[in-house]
Amino acid sequence: MPASGYRSTYVTPHILGAGGHFYDEAENPFLGRDLEYFSKAGFDMEKIHLRHNAPVSQLYEEAIRNEGAVISSSGALINFSGKKTGRSPKDKRIVYEETSRDNIWWGPVNIKLDEHTFEINRERAIDYLNTREFVYVFDGFAGWDPKYRIKVRVICARAYHALFMNNMLIRPTPEELENFGEPDFVIYNAGQFPANRLTYGMTSTTSVEINFKRMEMVILGTEYAGEMKKGVFSVMHYLQPVKFGHLSLHSSANVGKEKEDVTLFFGLSGTGKTTLSADPHRDLIGDDEHVWSDTGVFNIEGGCYAKTIDLSAEKEPEIFNAIRFGSILENVVYHPLSRVPDYNDVTITENTRCAYPIEYIPNARIPCLSERHPTNIIMLTCDAFGVLPPVSKLSPEQASYHFLAGYTSKTPGTEDGVLEPVPTFSTCYSAPFIVLHPNHYATMLADRMKATNAHCWLVNTGWVGGKYGRGSRCPLKHTRAIIDAIHSGELAQSTDYTTFPVFGLQIPTKVSRVPDEILDPRRAWNNDAGFEKELRKLAGMFHKAFKMFETNVDEKIMLAGPTL
Ligand code: ATP
Ligand code: MN
């Protein structure tokens with residue numbers, strides 16, 4: 001027994017009852033300023049309990065107690081996002097207001113919303129949050145370059161959402177938190193509560209909306225955590241070019257340990273940005289969102305958001321081992337007794353994910369930036385038609401063409417028996433998140449590539465030897481060998497290239513540790529007529545998709561596309 005007068009600094013359940021210890025108002029280090037800020041923002045501070053940058057352990061405890069979360073066998077928190085297990089692009093809106101309206105690329109990607117409706121929804125979100133016992137606040141940064149970062153505040157009702165943004169934003173030091181001040185951008189996440197479909201401008205019970213004048217985002221009717229991270233991305237896609245003339249990128253980035261050469265990997269969802277940027281021979285700058293500034297490349301985020309479908313320790317050890325205490329597994333099925341996640345189980349969704357702080361990847365470069373301009377730019381595509389070569393070299397015009405076209409494909413659903421892949425053209429490899437007209441980003445990329453003489457490669461991580469149903473996905477080890485050959489300089493130095501018909505791409509005839517026969521799709525198919533048919537079909541799809549740029553784009557770029 002401790003001597004009398006002894007006071008443990010630890011809290012024992014014995015003193016507090018079985019519920020354990022939770023910090024509350026009295027222990028909120030920001031109590032005074034929170035009272036003022038949140039009262040002014042419309043929060044009922046007499047009723048709600050604020051958790052402001054709460055410790056990870058506490059977010060675990062409350063997510064388990066109140067939200068049905070469990071701890072996985074490796075210590076990650078397994079959470080569920082409810083009905084929505086992916087983004088809702090059709091419900092994403094931007095407020096039409098005078099400070100930003102002339103800059104924005106209005107249309108189906110950036111749907112107009114009037115200011116009044118935004119205010120109705122904002123109030124609805126705050127009203128909902130006021131009905132909760134606990135409201136979580138997380139303050140963090142977006143952008144690793146201190147000159148260009150923004151301060152983001154997330155206000156939400158689920159511990160899971162707070163922990164997600166704790167992992168995905170850049171975590172402030174205690175001093176930075178102390179001096180945080182007013183945020184530059186605020187996310188009100190009331191995702192458990194629906195939008196009112198009868199509100200003018202709403203088309204469903206989901207609405208994800210950004211107001212650049214108020215610098216606020218409101219989320220109703222979806223609990224998919226990825227909406228918040230992509231909301232921050234939209235803000236950077238707007239602010240960085242408009243305010244600083246920087247190019248925001250939907251890409252991953254890594255850097256050579258000795259040569260310090262930077263590589264960007266562009267690509268749509270599922271093409272391999274996260275998988276291929278986690279490379280034991282190189283340092284990871286980031287897996288999804290970057291900015292190419294005037295002085296180099298910096299990551300926007302403080303964490304990674306990896307797909308976990310079919311994840312294995314053998315093929316992707318860095319990601320597998322990042323799934324531990326503090327990480328969030330989203331919508332992953334687990335064994336009820338052992339709590340071992342089953343990454344092959346797609347009962348809830350194919351889009352199972354893990355969000356972890358970037359320092360959980362052993363060779364993360366911290367701070368996540370480089371003061372070099374990129375040496376290599378890799379455009380990733382997952383071509384389920386099996387037409388595009390596993391690697392080809394692009395001219396500057398071809399680079400602009402493929403960047404604007406933004407091609408990848410989805411594999412067909414298994415249940416309907418249809419084997420036809422679904423092509424996706426998403427301009428700038430980023431259509432759902434870009435805010436300005438695509439030409440704006442494309443011109444900046446071309447100018448930067450010209451100024452820095454960056455090499456550009458198109459890498460197909462999709463099908464080889466036939467289309468989906470006949471061929472198979474390019475083995476990850478071959479794609480990794482291709483990436484290694486880009487980094488070693490082998491491909492840039494080689495003069496052994498042949499021209500790929502119709503698309504006019506340069507294909508290397510040899511790549512170390514890759515079988516020659518897969519490099520040329522015609523050879524890999526072993527069925528000339530079948531290959532020719534798919535080649536022309538895909539070229540036709542590119543033509544159709546590129547039509548929207550025909551009036552705006554330099555003729556040289558037009559001509560760099562496939563010719564039929
Ligand atoms: P998002 O934008 O949604 O985060 P992403 O581009 O980061 O998508 P990844 O998370 O890297 O995509 O997903 C690629 C998936 O494809 C992984 O599950 C990976 O295991 C699998 N895969 C299979 N073969 C390959 C290959 N040859 N190259 C890259 N990835 C492959
Ligand atoms: Mn990713």
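Helix H7 contributes the most to the lining of the largest cavity, with 4 residues; helices (H or I, at least four residues) and strands (E, at least two) are DSSP runs numbered from the N terminus. The model is predicted, with local features requiring pLDDT of at least 70 and side-chain atom pairs pLDDT 80 or more, whereas totals for chains, interfaces and linings use all residues. Residues are numbered from 1 along each chain as its sequence is written, and side-chain values use heavy atoms, with hydrogens and water left out.

A cavity is a set of points, on a 1 Å grid over the protein atoms alone, where a 1.4 Å probe fits but cannot get out, and lining residues have an atom within 4 Å of a point. By this rule there are 5 cavities of 30 Å³ or more, and the largest has a volume of about 80 Å³. At least two lining residues come from each of strand E9 (207-211) and helix H7 (226-244). The lining includes Arg 87, Val 208, Glu 227 and Phe 433; by class, 6 of its residues are nonpolar, 2 polar and 4 charged.

The largest nonpolar core comprises 129 residues, among which Met 165, Phe 185, Ile 187, Ile 377, Met 379 and Phe 503 touch the most other members. Such a core joins buried Ala, Val, Leu, Ile, Met, Phe, Trp, Tyr and Cys residues through side-chain atoms within 4.5 Å, buried meaning under 20% relative accessible area (1.4 Å probe, protein chains only). Because domain 1 (89-245) and domain 2 (264-272 + 374-558) both give residues to this core, it lies between them. A second, separate core of 25 residues includes Tyr 37, Leu 50, Tyr 128 and Tyr 188.

Notes:
Chains lettered and ligands numbered in written order. Buried < 20%, exposed > 50% of the residue type's maximum accessible area, 1.4 Å probe, protein only. Domains from an automatic or database assignment. 1 Å grid on protein atoms, 1.4 Å probe; cavity = no way out; pocket = protein on both sides within 12 Å on 5 of 7 lines; lining within 4 Å. Points joined across faces, edges and corners; volume = space filled by probe spheres on them. Nonpolar A, V, L, I, M, F, W, Y, C, P; charged D, E, K, R; others polar.
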